[in-house]
Amino acid sequence: MTNSIAELENDADVILITGSNTTQMHPVISSFIKRAVRAGRTKVIVADPRRIDMVELAEIWLRQRGGTDVAWLNGLIHVILAEDLYDHEFVEQRTEGLAELKEAVAPYTPDRVEQISGIPADKLRSAARLYASAKAGSIVYAMGITQHISGTDAVKSLANLAMICGNLGIPGGGVNPLRGQNNVQGACDLGALPNVLPGYQLVTNVEARARFAESWGVTGLPDRPGLTVVEVVHGAVEGSVKALYVMGENPMVSDPDLHHVKKGLRSLDLLVVQDLFLTETAQIADVVLPAACFAEKDGTFTNTERRVQRVRKAVDPPGQARSDGDIICDLATRMGYPMAYDSASDIFDELARLTPQYRGMSYGRLEGEGLQWPCPTSSHPGTKFLHKGVFPRGRGKLHPVEWIPPAEERSRRFPFLLNTGRVLYQYHTGSMTRRSEGPNERYPECRVEMHPADAKRLKIRDGDWVQVTSRRGSLKARAAVGRVTPEGSVFIPFHFAEAAANNLTIAALDPVAKIPSYKVCAVRVAKAQP
Amino acid sequence: MDTFTITADGKEIEGRPGQTVLQVCQDANVSIPTLCHHPALKPYGGCRLCVVEIEGMRGLPAACTTPATAGMVVHTHTDLLHRARRTILELLLANGDHDCLVCNANGSCELQTLVYEHEIEHRPEGEPFTRRPIDDSNAMIRRDLNKCVLCSRCVRACMDHQVNGVIDVAARGSESVIATFNDMPLGDSECVFCGECVQVCPTGALLEKRAQFASQPWALRRVRTTCTYCGVGCQLELNVRGNSVVKVTSSHELPGPNGGSLCVKGRFASDFIGHPDRLTHPLIRQNGKLREATWDEALGHIASKLSEIRSEHGPDSIAFFSSARATNEENYLLNKLARAVVGTNNIDHCARL
Ligand code: SF4
Ligand code: SF4
Ligand code: SF4
């Protein structure tokens, strides 16, 4: 997030929520927004194909067809530029590329956008006017925006929208991705990405590599960007990847096109899985290592507003389970690289030295409310919102982007669009929440959400078993008939291994971010026997 | 900012514009008993335990709803006030099932503390109260409204803080009661089980069901940490007895992004921690089956196999999936293992998934 969570309640006067089912995925953040709306401080625009809870609070609801985000965002920008509602001062002083952007969005007239996205032209215009009128307009988004083959473009469009309205670098004004998992931010910050070292320092950068090599006491570091999760699976299928070490992930449920994943993982010479439970992935591993959970170790997580906070040990791990960090040190040592730390705090000191955004942090300073990066020196108070005064690259670039149709569209054989995601009561592949009685009682099994009109046509009643089939696979689950999902679409949560939504999904990737297109693929639905 | 002075129990203390008498007194450590008041919620003025005497003002105004003004002379502990408060407490005691010995809130109940502080020696005899059925309709929250003192904290938490508006004070003839829409059990209502109502309830009326009979409040150790589920990073406290996490709570007093709120996952999805399915030994596949192994054997096997694959096929034939659920320190270490020890940039995690 470029802003802080509290700014959504206190400072933003218009919030555009898109691709985020906030009340279900980030309930506590949704309360901040709901309070602001209730107090009359904030107006909300929701852009989402599903009638999510936030629609009830919204001033305007744009119900776009799946996979058309770049089109309607370009449409919004078109209206704001055409009606001269943009922030001239900000655009002139802090950005570049207005002419190119203007040209790119010119064809996205409200009428054309209506044809592509299904959003009525008038609604698009009102939304554009409302967002442009904000003193501090905030954009809140999540996987609903990024999990498309054009996800990177959609994120660029959001940045374009924010910049032309001067909604960056001020309290409450910004672009705010909500992270689905507790430490996505920290994993990205600290080098768990194939193209960057900790602190987003490119592996192709000679000086960065030299700095790390020296600190790590090795002669050199690999200079070619590595493979992403989905590419690793392809590599395993092809045979170029021979060994995979999995720390606390469950690709056998979470990754797209599970048949392909299974084939890949099965052809490895060595699959190691380190986890809390014998997950679907651990079941096919060659070696399984028992890991400690968050309550059993010390460390830090970085939240979605870049706040680094302490994790503290409360209980001992069961049996012989050990913390992930402890296991890694032991393994490194056995591979001839002695690795040992007295405490998590020592590891943190080392990573802080090498990661510019974290440099001023230490466990002592993280007591209290933690620190938000960037925090470059030990007296720096941390940063509540980003991009005040100047962007890292100087001027903010307005990126012209074109809408491209989704990788798969409805067809006669596959007449529904499938959207996958999460529900309030479950988390990720369910290994933790499905073992927690309370939440699991509320949402114990996979449900295929569909619109009453579709259900009626297919003679499906709420609770009936249905078979959902895509070009890649099939699953059986009960139907949940309701008005949240639009006609012509179905929504399936991906938490349930026995009815794994990712048997159906497509491994088509966004070309830049390599994010699978979980939000759009074509399926058919039929009534099934229990 | 402008400040002004008021006198409380003969002491001169400082107030700021907009503050209530209660806030000014509390800031200056002049204690006034309260029950419906909760620092994170809007004032309600319902229980009348915070009554005070203010010179020049008639009657006994409630400190939590009376604005403080310059020069006010306030008395917080007079015989009259003590009697008034005792009467209120005796009424509450008579009108509910306040049997501390068999209550899970014993030792952490604000009513119990107030009764003790006001030196009440017996439960007063009164009209027997109407018993209400206990709402046991779900696995998370147990509602026993026989222990409810109608402070409305839960209603304000649900309505004003979480903005869920699931419960309200419903008037039924002369008897008010906290109820969901149509008085449905919580499990059938619109409740999303954030548990904020439980957190603010001063008595044993609302309880985390899992914590019942798991520990008496004074045997709990509280460890502050960060939620393991979504990216909000809510600050919470693991309530631990021995080696098990009995319940999860938060508080507006914990500094952090969540202001004391949690959602159902943070608060109620902690059973997995001590779950019998947890892995307790390393496992190695032998003849197609996973069998228990020692750490030495398991790590030795991995180290030699990785080294072998690396020398045969090069470092880029090895890949690592790190985790968006592991700590920063662990992600950093795995990145170091991949890059410095194995020599590959093949490290990623499921940020994208
Ligand atoms: S658990 Fe949350 S939603 Fe349910 S009644 Fe309590 S405060 Fe309201
Ligand atoms: S249930 Fe608890 S919080 Fe709610 S009114 Fe009764 S005593 Fe107060
Ligand atoms: S309590 Fe809920 S909202 Fe808060 S971090 Fe945990 S999962 Fe997210």
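Is A:Tyr443 buried or exposed, and at what relative accessibility? At 15% relative accessibility, A:Tyr443 counts as buried (buried is under 20% relative accessible area, exposed over 50%, partly exposed in between, with a 1.4 Å probe and protein chains only). The views below show a predicted model, in which local features need pLDDT of at least 70, side-chain atom pairs count only at pLDDT 80 or more, and totals for chains, interfaces and linings use all residues. Residues are numbered from 1 along each chain as its sequence is written, chains are lettered from A and ligands numbered from 1 in the order in which they are written, and side-chain values use heavy atoms, without hydrogens and water.

**View 1. Aromatic pair of A:Trp216 and B:Tyr332.** Over all chains there are 9 aromatic pairs (ring centres of Phe, Tyr or Trp, the last by its six-membered ring, within 6.5 Å; stacked under 30 degrees between planes, edge-to-face over 60, tilted for the rest). A:Trp216 and B:Tyr332 are edge-to-face, at 6.2 Å centre to centre and 65° between the planes. The pair joins two chains, because A:Trp216 lies in helix H12 (residues 206–216) of chain A and B:Tyr332 in helix H8 (residues 328–342) of chain B (helices are DSSP runs of H or I with at least four residues, strands runs of E with at least two, numbered from the N terminus). A:Trp216 is buried at 3% relative accessible area, and B:Tyr332 is buried at 0%.

**View 2. Stacked pair of A:Tyr443 and A:Phe496.** The ring centres are 6.1 Å apart with planes at 20°, so the pair is stacked. A:Tyr443 is in the loop between helix H19 (437–442) and strand E17 (447–450) of chain A, and A:Phe496, 53 residues apart from it, is in the loop between strand E20 (489–493) and strand E21 (506–509). A:Phe496 is buried, with a relative accessible area of 0%.

**View 3. Arginines over rings in chain A.** A:Arg50 lies over the face of A:Phe491, 3.7 Å from the ring centre (NZ of Lys or CZ of Arg within 6 Å of the centre and within 35 degrees of the ring normal). The charged end of A:Arg435 sits over the ring of A:Phe277, 3.9 Å from its centre.

**View 4. The largest nonpolar core.** This core has 59 residues, of which A:Trp216, A:Leu289 and B:Ile302 touch the most other members (buried Ala, Val, Leu, Ile, Met, Phe, Trp, Tyr and Cys joined through side-chain atoms within 4.5 Å). H8(B) gives the most to the core, with 8 residues.
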